[in-house]
Amino acid sequence: MPVTRQTPLTELPGVGPARGKKLEKLGLSTLGDTLNHLPQRYEDRRECCALKDAPQERPCCVSLIIAETPRVSYVRRGLSLVKVRGVDGTGSVNITFFNQDYIREVIRAGESYVFFGVVERQGNLFSMTNPVFEREGDGRHTGLIMPVYPLTAGISNNLLAGLTRRAVDDCLDGLPEALPEEVRLAHRLCQTQFARKNIHYPADYEALAIARRRMVFEELFVLTCGLAQLKDRRSAGSGRRISGAPEEFSALLPFAPTAAQRRAMDDISADLRSGKAMNRLVQGDVGSGKTAVAAFGAWAAAKNGIQCALMAPTELLAEQHARTMDALLSPAGVRVALLTGSVKGAEKKALLSALAAGEIDLVVGTHALFSQGVEYRELGLVIADEQHRFGVAQRSALAEKGGAVPPHVLVMSATPIPRTLALIIYGDLDVSVMDELPPGRTPVATFAVGENKRQRMYGFVRKQVAEGRQVYIVCPSVEENGGGWEDGPGMDLKAVTSYARQLQEQVFPDLRVGFVHGKLKPREKEAVMAAFAGGTLDVLVSTTVIEVGVDVPNASLMVVENAERFGLSQLHQLRGRVGRGRHQSYCVLMTASRSETARERLRALCATNDGFQIAEEDLRLRGPGDFFGKRQHGLPQLKVADFAADMELLKEARQAAEELVAEDPALSRPAHGLLREKVRELFEENAELFN
Ligand code: ADP
Ligand code: MG
């Protein structure tokens, strides 16, 4: 039967309606679809041996003549055996199949077959169990590099391999090429037919590498073309004109802005004035002063009668930002309000109606800012702070709150992700880099120490407090965990509540110790934070709720308990809570861990204060899994490419995509038709991410 890429799988032998349904679960309905169902790994079945030379414990192919009619025996209910004997010139082998009665009908005495499996040997006796086999000369399951596909219940690898074989043999002619010829040649990529054939049935591993390289490139190219188009469309969209001079704003600041802050404000000012919607990322390490830059945007919007929403990742940070913004901007007549999940009842009602009436210029909050029922009179600027997980999807969702004219969007990030990846996640944004810390800062001195230094650490806390400084002590968890503190410090996770009590009662009875964790009521949390910020607490014991963005310049010591339990980037963020004022600051990483990797990680942190370098190191040590889950970065799951391993190719693809989209923004040239189609498909499959 002649087939095409459009042939429904259900018309093929061996695929009935039931299997057809199951294949559909894998996204496969036509023969052409199977070309896109890629192997997850391969099994090398090329090695052929004589029985006597067969390797031990490693499978290989043996070519045998069947010496007798297969025999079936029923051992017990649910267990049957088919046994058959095969020979080659060097020996004789007993082959056993479990629960595959049909094999009796398939294997015929006197015929030749190739078997693939482990040949076991006891003295001169050879045996094989459940080998793969086929008629000599078929070459479909043996003597090749076999693809192993992702499966679903009821669909075997053999069935899938049969289908892809058919597709590769009969459907590749005239397969259209999605990559523009000049791109393909410039990047030394093979043709699509070669790639498809060899990604399924590689002639050898070299051919596989060539095929894979092209497939990865194509996937990343389609993605980055889409992102480039998104960026292009965004920047073409009209935006409200907002004018405001950074110099005028700077007069409100209690300090002179750094050159980096000035540059970022100039970039923002130019965007806001341009008449196009701003989509900008401000990237700067912890403590580089991003808050002031955000304040500039809010100030300019308010001056032009346009509302601004500032979104923070936690309530704690939202509260702090609301305080900072109010102190900074209310003298200039900007009306600031706080909206978080814990603003409720009459208070919330009043706030919402003030917001809708335009009586609030700047609303600071958590994601509650963009929930149902929150109406703005004219939301013209959205600022997202410390949102390294703030992907394309979230930005699109909030853009909708702006009404007919898209709001300006400003994303602030300390970027605890490697640079190349940032280019993709934020690929549709313009970027301002703040590569300078405010003057007078000395790098935070960082030490990793074991339990034997605990008393010295306590002494150091005391010394800092005696000098008028304040101290954070961060623990991994709020939950009581096993034996607790009494069993000896460092043996368990320090439970913050009991640990804080212990510290207050037994270690620092003369100091003012407070504690805060995510399970406290917002009011309580706020009160403790305010006390710490106001200097009425000396030591703040905390979980990682203080990780992001908390700003108390008088704090000079950060102690992290069970430091080995944190990611490096997270520790870097924690460390960023100190070293924010004029005072020499310290970070002490307590660990009882003797694991060499744990120690290596902590040493990496002691060695540098550069957040980017730490992110790369974190990625190297933790592997890509933690970094690149779909939820975190807000990009579609890739089929072939791996963001971490294919970094170099990613750069190439992105560059090529940007060049192409610059030349043909709508991809409307005939030569780009299929590419345009693929971009559309990718973005449609992930509609919730893009839009
Ligand atoms: P981050 O970039 O981590 O958000 P912040 O905006 O919280 O940093 O600023 C860190 C600290 O530095 C704050 O206490 C802030 O008031 C202070 N700061 C910011 N800019 C300057 C500056 N130009 N000169 C002096 N201090 C500054
Ligand atoms: Mg910040």
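This is a predicted model: local features need pLDDT of at least 70, side-chain atom pairs count only at pLDDT 80 or more; totals for chains, interfaces and linings use all residues.
Which residue in strand 15 is the bridge partner of Met311?

Residues are numbered from 1 along each chain as its sequence is written, chains are lettered from A and ligands numbered from 1 in the order in which they are written, and side-chain values use heavy atoms, with hydrogens and water left out.

Okay, the overview. The protein has 24 helices and 24 strands. Of its 691 residues, 53% count as buried, and buried means under 20% relative accessible area, with exposed over 50% and partly exposed in between (1.4 Å probe, protein chains only). Take the contacts between residues at least 6 apart in sequence: 72% of them join residues at least 24 apart. Contact here means heavy atoms within 4.5 Å.

Back to my question. The partner of Met311 in strand 15 is Gly365, and in that strand Cys308 has Leu362 as its bridge partner. Strand 15 covers residues 362-365 and pairs with strand 13 in the parallel sense over four bridges. Two strands pair, by the way, if DSSP finds at least two bridges between them. Strand 13 also has strand 16 (residues 379-384), parallel again, joined by five bridges. There, Met311 stands opposite Ala384.

So what about burial in strand 13? Five of the five residues, 307-311, are buried, so the strand is largely enclosed by the rest of the structure. Gln307, Ala309 and Met311 point one way, while Cys308 and Leu310 point the other. Lying across strand 13, strand 14 and strand 15 is helix 12 (residues 345-357), which runs at about 130 degrees to strand 14. For angles like that, axes are lines fitted to C-alpha atoms, for helices over the stretch in contact, and angles run from 0 to 180 degrees between N-to-C directions.

Zooming out, these strands sit in an open sheet of seven, ordered 14-15-13-16-17-12-18, with parallel pairing. Strand 14 (336-339) and strand 18 (430-434) are at the edges with a single partner strand each, so one side of each has no neighbour in the sheet. From one strand to the next, the twist averages 20 degrees.

There's another open sheet, this one with six strands, in the order 19-24-23-20-22-21, and its pairing is parallel. Its edge strands are strand 19 (445-449) and strand 21 (513-516). Inside it, strand 23 (residues 555-560) and strand 24 (residues 586-590) run parallel, joined by four bridges, and Val559 stands opposite Val588.

Last stop: a helix pair. Helix 9 (residues 259-273) and helix 10 (residues 290-303) pack at about 30 degrees, with their axes 10 Å apart. Thanks, everyone!

Methods: Helices (H or I, at least four residues) and strands (E, at least two) are DSSP runs, numbered from the N terminus.
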